[in-house]
Every structure is written in structure tokens, then in C-alpha cells.
Amino acid sequence: MPTHTGNPFVNAGAIATVSLISAKTADEKWNKILDYYSRCAGEKLKLIDEVYKSEAATNTGNKALAMLLAKYERIYADPF
């Protein structure tokens with residue numbers, strides 16, 4: 001990154017943090033996160049389906065980080 005220093009641990013920290021949110025289902029966890037950030041934003045936020053599909057199709061790096069966190073027992077939910 002010629003213009004700034006990159007931090008490869010930002011996503012790992014976010015993944016580990018989200019794994020600490022208690023919920024019975026992935027949908028419940030997602031709704032807790034979305035509700036929190038909606039309150040912070042002062043308006044109801046919504047998923048941009050096109051962006052979600054693009055990110056989901058190319059997130060092998062985040063999947064690898066989740067598995068690495070699982071290897072070292074630093075993720076507290078199913079990494080998938």
C-alpha cells in the first residue's frame with residue numbers, strides 16, 4: 001500500500017468481536033448488529049443486496065481469518 005500502512009488485523013478483530021454477540025441464530029445476531037448501528041446512525045439502515053452479493057462472493061480472506069482464529073481458539077462462535 002504505497003500511500004499508507006495497512007493493518008491486516010482489522011477484519012480479524014471485527015470477526016472475533018462479532019463472535020462474542022450472543023444470539024440463538026445467525027439472523028438474530030445480524031438483527032442485533034443492524035439495530036445497534038441503526039440507532040447509532042439515527043435511522044434504519046438496510047443491506048445493499050448488490051454489495052452483499054459481491055462481498056460474499058469474494059470473502060475468502062475473511063473465511064481464512066475466521067479459521068485461523070478458530071485454530072487458536074480466539075473465535076467464540078461457529079466460524080462459518
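Begin by selecting Glu 73, which counts as exposed because its relative accessibility is 61%; exposed means over 50% relative accessible area, buried under 20% and partly exposed in between, with a 1.4 Å probe and protein chains only. The model is predicted, so local features need pLDDT of at least 70 and side-chain atom pairs count only at pLDDT 80 or more, while totals for chains, interfaces and linings use all residues. Residues are numbered from 1 along each chain as its sequence is written, and side-chain values use heavy atoms, with hydrogens and water left out.

Glu 73 is not a glycine, yet its phi is positive, at about 55°. The residue lies in the segment after α4 (60-71); helices here are DSSP runs (H or I, at least four residues), as are strands (E, at least two), numbered from the N terminus.

**The nonpolar core**

Next, select Ala 12, Ile 15, Ala 16, Ala 66, Leu 69 and Ile 75. These six residues make up the largest nonpolar core, a core being a set of buried Ala, Val, Leu, Ile, Met, Phe, Trp, Tyr and Cys residues joined through side-chain atoms within 4.5 Å. Two elements, α1 (10-18) and α4, each give two or more residues to this core, and α1 supplies the largest share, three residues. In soluble globular proteins, nonpolar side chains tend to be buried together.

Within this group, centre the view on Leu 69. Apart from neighbours within four places in sequence, Leu 69 is in contact with Ala 12, Ile 15, Ala 16, Arg 74 and Ile 75, where contact means heavy atoms within 4.5 Å.

**A surface patch**

Now select Trp 30, Leu 47 and Tyr 52, which form a nonpolar patch on the surface with about 320 Å² of accessible area together. Patch residues have over 30% relative accessible area and no salt bridge; nonpolar side chains (Val, Leu, Ile, Met, Phe, Trp, Tyr) are joined within 5 Å, like charges within 9 Å. Areas come from the Shrake-Rupley method with a 1.4 Å probe, and for residues only the protein chains shown count as cover. Tyr 52 is in helix α3 (residues 49-57) and is partly exposed, at 47% relative accessibility.

**The salt bridges**

Finally, turn to the two salt bridges found in the whole structure; each is a side-chain nitrogen of Lys or Arg within 4 Å of a carboxyl oxygen of Asp or Glu.

- Select Lys 53 and Asp 49: their closest N and O atoms are 3.1 Å apart. Both residues lie in helix α3, four residues apart, about one turn of the helix. Lys 53 is exposed, at 52%, and Asp 49 partly exposed, at 40%.
- Select Lys 44 and Asp 35: their closest N and O atoms are 3.7 Å apart. Lys 44 is exposed, at 58%, and Asp 35 partly exposed, at 34%.
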